[in-house]
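Biologist: Hi! Could you walk me through this one? I'd like to start with the loops and then move on to the helices.

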Number of protein chains: 2
Amino acid sequence: MIDPRVASGLRDLPPAVMIPRERMLAAFRRTFAAFGFVPIETPHIERMEVLSGKGAGSEEVLRQIFEVTNKGGTPGELALRFDLTVPLARFVAKHVDELGVPFKRYAIGSVFRGERPAKGRFREFMQCDFDTIGTESVLADAETAQVIHAALSAAGLTEFTITLNNRKILDGMLESLGLVGRSASVLRSLDKLAKIGRGAVREELQKATEDGGAGLSQEQAGRVLDFAETGRGGVEILREAETTLGSSAHAGQGIANLRTVLDLLSAAGIPDHRIRIDLGLARGLDYYTGIVFETTVNGWEKFGSIASGGRYDNLASLFTSRRLPGVGASIGLDRLLALMDEAGWLKTSGTRAPVLVANFPGVDPLIPFGMAARLRAAGIGAEVYPEPIQIGKQMGYGSTRGHKLAVIVGPDEAAREIFNLRNLATRQEDKGLSWPTLEDSVKSALVVIDSEGQSS
Amino acid sequence: MIDPRVASGLRDLPPAVMIPRERMLAAFRRTFAAFGFVPIETPHIERMEVLSGKGAGSEEVLRQIFEVTNKGGTPGELALRFDLTVPLARFVAKHVDELGVPFKRYAIGSVFRGERPAKGRFREFMQCDFDTIGTESVLADAETAQVIHAALSAAGLTEFTITLNNRKILDGMLESLGLVGRSASVLRSLDKLAKIGRGAVREELQKATEDGGAGLSQEQAGRVLDFAETGRGGVEILREAETTLGSSAHAGQGIANLRTVLDLLSAAGIPDHRIRIDLGLARGLDYYTGIVFETTVNGWEKFGSIASGGRYDNLASLFTSRRLPGVGASIGLDRLLALMDEAGWLKTSGTRAPVLVANFPGVDPLIPFGMAARLRAAGIGAEVYPEPIQIGKQMGYGSTRGHKLAVIVGPDEAAREIFNLRNLATRQEDKGLSWPTLEDSVKSALVVIDSEGQSS
């Protein structure tokens with residue numbers, strides 16, 4: 001007999017996880033569509049040349065790549081994608097002439113990384129990305145934050161914070177300290193501020209460049225850290241930055257961009273308290289060149305950012321000479337589900353059909369089968385128990401699965417053309433309802449149950 | 001520069017394909033849920049041992065398997081799944097104690113086969129399966145056909161035929177000819193009847209078993225073919241079969257099963273003409289032991305079956321000693337989309353947002369940005385053009401993408417707090433509408449456009 005386990009670092013998703021996940025993905029798809037984003041899909045398997053092109057993935061990611069070979073294929077030629085960004089770049093380079101710009105796409109799919117297995121780390125996980133390609137407009141920057149806001153709201157979150165910064169402001173600040181060439185390593189260290197704290201980041205900043213540090217003087221490191229740590233808040237932060245960095249053209253552009261983004265988000269009706277400026281927000285990737293985003297759920301910051309992204313100058317330089325600027329973000333679906341699960345916010349259930357129609361021993365199964373069909377035709381999900389076993393066991397199945405109501409027709413009820421309607425949670429039963437009232441009776445009972453569920 | 005092509009046999013799915021595909025998948029998910037089926041997901045990567053277990057896949061499929069290796073992994077240990085049935089068997093064997101039976105699951109996902117690339121054949125394609133595990137009830141058999149019917153109706157199809165047979169009837173017929181041991185090879189040949197015709201099938205049936213044939217005499221082959229070819233129609237076919245095969249216990253069980261299925265489907269309100277009996281329907285797989293299904297779209301039979309399946313005695317014998325009978329089917333999503341595309345039944349569009357809000361040069365972008373937000377809040381998808389380019393170009397973008405309406409506010413309109421509403425197909429413009437009427441005006445215009453679309 002073969003052991004039915006999954007391979008190391010992989011996992012099965014049972015219905016209790018998949019039902020809320022599908023609900024959330026449906027909310028995201030509706031949101032993306034409402035903003036004019038359209039779906040694309042690329043293969044899970046890409047040519048190795050595409051994935052390993054210079055700058056496509058970090059060295060760490062490339063070490064984790066899964067190679068793919070079939071009989072007759074050349075080893076080393078194919079691999080599983082490790083993100084949705086490299087496939088997007090390839091896709092746009094290939095299809096941009098037919099598609100035209102601006103091109104607004106979303107993509108939802110599995111990506112693969114051979115990471116060392118650890119709690120909460122999986123070798124296959126889902127990404128959920130949206131991007132606007134082919135425009136440098138600040139409207140697209142603001143819209144990216146707006147889509148994050150709408151998607152999380154549609155997923156049922158209320159208390160979350162979208163944090164904004166613009167790379168150009170940090171660049172201007174580094175310029176003012178004479179540190180232009182070192183921005184990549186400074187950003188990489190700053191990105192860890194929340195995780196490892198000021199002391200450790202200061203150490204990295206002051207470590208010599210030969211040793212992988214940024215090589216800053218004590219004073220420079222202190223100025224960088226002060227700037228990052230005091231630059232958090234609302235629009236007033238931008239006024240202060242203007243005073244200190246007003247002479248830098250770079251910083252000026254970044255500040256103006258964020259000002260306009262705040263105005264646009266306000267015009268779109270997004271509450272001020274959901275948006276925050278953080279001049280220290282770095283987002284480790286060298287890739288971003290303008291606005292950057294992170295999103296945390298209030299009180300659950302330990303889960304890290306659940307929606308992140310930013311603007312980039314050129315998406316597809318590996319594949320085409322056409323310059324394609326863009327802006328986008330990725331929603332961490334699995335992380336968000338884990339957070340909502342821990343917070344107790346997920347409505348889990350073993351079924352999405354609210355009604356179980358019993359299959360009573362000795363009653364013609366055409367009766368329950370036909371009743372279930374009537375309920376579905378009226379838009380009410382209904383499952384018929386397939387076997388005429390003892391009725392108590394059928395009710396037990398319904399309670400375990402999460403059905404709300406059971407429709408029961410025993411031999412007496414069948415003879416009199418009536419049915420009983422049982423609330424599976426309270427075990428109360430409404431008896432002797434006549435067959436023609438089936439849809440209306442069930443609908444009314446569900447309305448009562450759902451309204452009680454909301455008030456409790 | 002790296003060539004942005006996809007690997008041989010793989011493909012990118014652009015928005016024009018993905019928009020109807022997502023619409024169809026949403027319809028299928030709604031349908032499955034309404035019957036009490038719940039989603040599961042298993043990894044794309046399985047252990048090779050699981051995939052190559054005896055009987056898990058045919059030799060042909062195993063030759064096409066994609067091996068997967070990462071740095072530090074053992075070659076030959078992992079592979080990409082080639083269907084969703086083997087992973088289901090593994091999943092159920094592993095989780096059956098927590099889940100309980102009956103267990104009704106659906107799964108939607110990519111599978112991989114290194115087939116020789118050819119037109120319409122891809123190395124990655126999507127499967128869409130649903131199964132009821134852990135019951136031998138005829139209600140589950142009937143429900144499988146009912147779900148196919150509901151899913152295809154929800155996808156917008158009207159003229160299709162679900163064909164039923166029961167393996168036991170064929171078994172009884174072969175028994176009556178003294179051919180019990182040869183049913184597998186007879187079924188494999190019969191399955192090709194529609195494709196290669198009577199002559200070629202007769203040849204296969206009469207070929208010696210040493211040469212891969214079924215080794216039937218000329219008379220036996222004739223009787224088998226006559227039985228298969230005349231056994232097509234409605235319930236009357238079952239009456240005839242009862243007369244000719246009445247003495248076979250096997251055939252009797254199969255006939256009784258189909259009779260009850262027809263009664264149940266009729267009780268569920270499924271029109272008779274959508275269901276057909278075909279006593280020659282074999283479904284090549286040895287795997288099926290009871291009812292079998294195929295579904296064709298009337299007039300488009302050349303596309304083959306778009307939803308097929310059947311009952312099996314034991315799902316997971318490779319992984320557990322617990323006997324798990326079940327019944328299920330698979331909907332050929334990609335094939336169905338290809339058919340609907342060729343038939344001209346797909347409503348394709350480059351966007352799902354009906355409204356484009358223009359970004360007029362010289363007008364404060366807060367105005368269109370805020371208007372689009374108002375439309376979305378009212379449930380109407382709206383895209384803002386990101387750059388204030390020439391208005392004609394923006395309208396061209398909207399027409400190309402498939403937006404239906406454009407909201408236009410030029411400098412004069414901004415000063416007077418009015419807007420113009422342009423029908424992008426007819427180019428007619430409603431002028432001078434006041435800002436507070438935005439949502440109502442757009443809604444009414446969309447109702448008119450959609451009703452015209454239906455009547456044309």
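Modeller: Happy to. Helices (H or I, at least four residues) and strands (E, at least two) are DSSP runs, numbered from the N terminus. This is a predicted model: local features need pLDDT of at least 70, side-chain atom pairs count only at pLDDT 80 or more, and totals for chains, interfaces and linings use all residues. Residues are numbered from 1 along each chain as its sequence is written, chains are lettered from A and ligands numbered from 1 in the order in which they are written, and side-chain values use heavy atoms, with hydrogens and water left out.

Biologist: Where does A:Pro102 sit?

Modeller: A:Pro102 is in the loop between helix 4 (85-99) and strand 5 (103-112) of chain A.

Biologist: Which residue lies in the loop between helix 15 (411-416) and strand 16 (418-423) of chain A?

Modeller: That loop holds A:Glu417. A:Glu417 is not a glycine, yet its phi is positive, about 55°.

Biologist: On to helices. Which residues of helix 10 of chain A are buried?

Modeller: In helix 10 (residues 236-245) of chain A, those are A:Ile237, A:Leu238, A:Ala241 and A:Leu245. They are on the same side of helix 10 of chain A because they cover an arc of only 95° around the axis. The arc is that of the directions from the helix axis to the C-beta atoms.

Biologist: What covers the buried residues of helix 10 of chain A?

Modeller: The cover includes helix 6 (167-176), helix 9 (218-230), strand 8 (232-233), helix 11 (249-267) and strand 9 (275-278) of chain A. Contact here means heavy atoms within 4.5 Å.

Biologist: Let's look between the chains. At what angle do helix 11 of chain A and helix 13 of chain B pack?

Modeller: About 40°, with the axes of helix 11 of chain A and helix 13 (residues 366-377) of chain B 8 Å apart. That makes helix 11 of chain A oblique to helix 13 of chain B. Axes are lines fitted to C-alpha atoms, for helices over the stretch in contact, and angles run from 0 to 180 degrees between N-to-C directions. Angles under 35 degrees count as roughly parallel, over 145 as roughly antiparallel, 65 to 115 as roughly perpendicular and the rest as oblique.

Biologist: Which residues make the contact?

Modeller: Helix 11 of chain A brings A:Asp263, A:Leu264 and A:Ala267, and helix 13 of chain B brings B:Leu366, B:Phe369 and B:Gly370. By class, the contact of helix 11 of chain A with helix 13 of chain B has 4 nonpolar, 1 polar and 1 charged residues. Ala, Val, Leu, Ile, Met, Phe, Trp, Tyr, Cys and Pro count as nonpolar, Asp, Glu, Lys and Arg as charged, and the others, Gly among them, as polar.

Biologist: What does B:Glu143 touch?

Modeller: Not counting residues up to four places away in sequence, B:Glu143 touches A:Phe369, A:Arg376, B:Phe35, B:Phe37, B:Lys104 and B:Thr132. B:Glu143 belongs to helix 5 (residues 138-154) of chain B and counts as buried at 4% relative accessibility.

Biologist: Last one: which residues of helix 1 of chain A meet helix 5 of chain A?

Modeller: A:Ala27, A:Phe28, A:Thr31 and A:Phe32 meet A:Val147, A:Ala150, A:Ala151 and A:Ala154 of helix 5 of chain A. That contact of helix 1 of chain A with helix 5 of chain A has 7 nonpolar, 1 polar and no charged residues.

Definitions and conventions:
Buried < 20%, exposed > 50% of the residue type's maximum accessible area, 1.4 Å probe, protein only.
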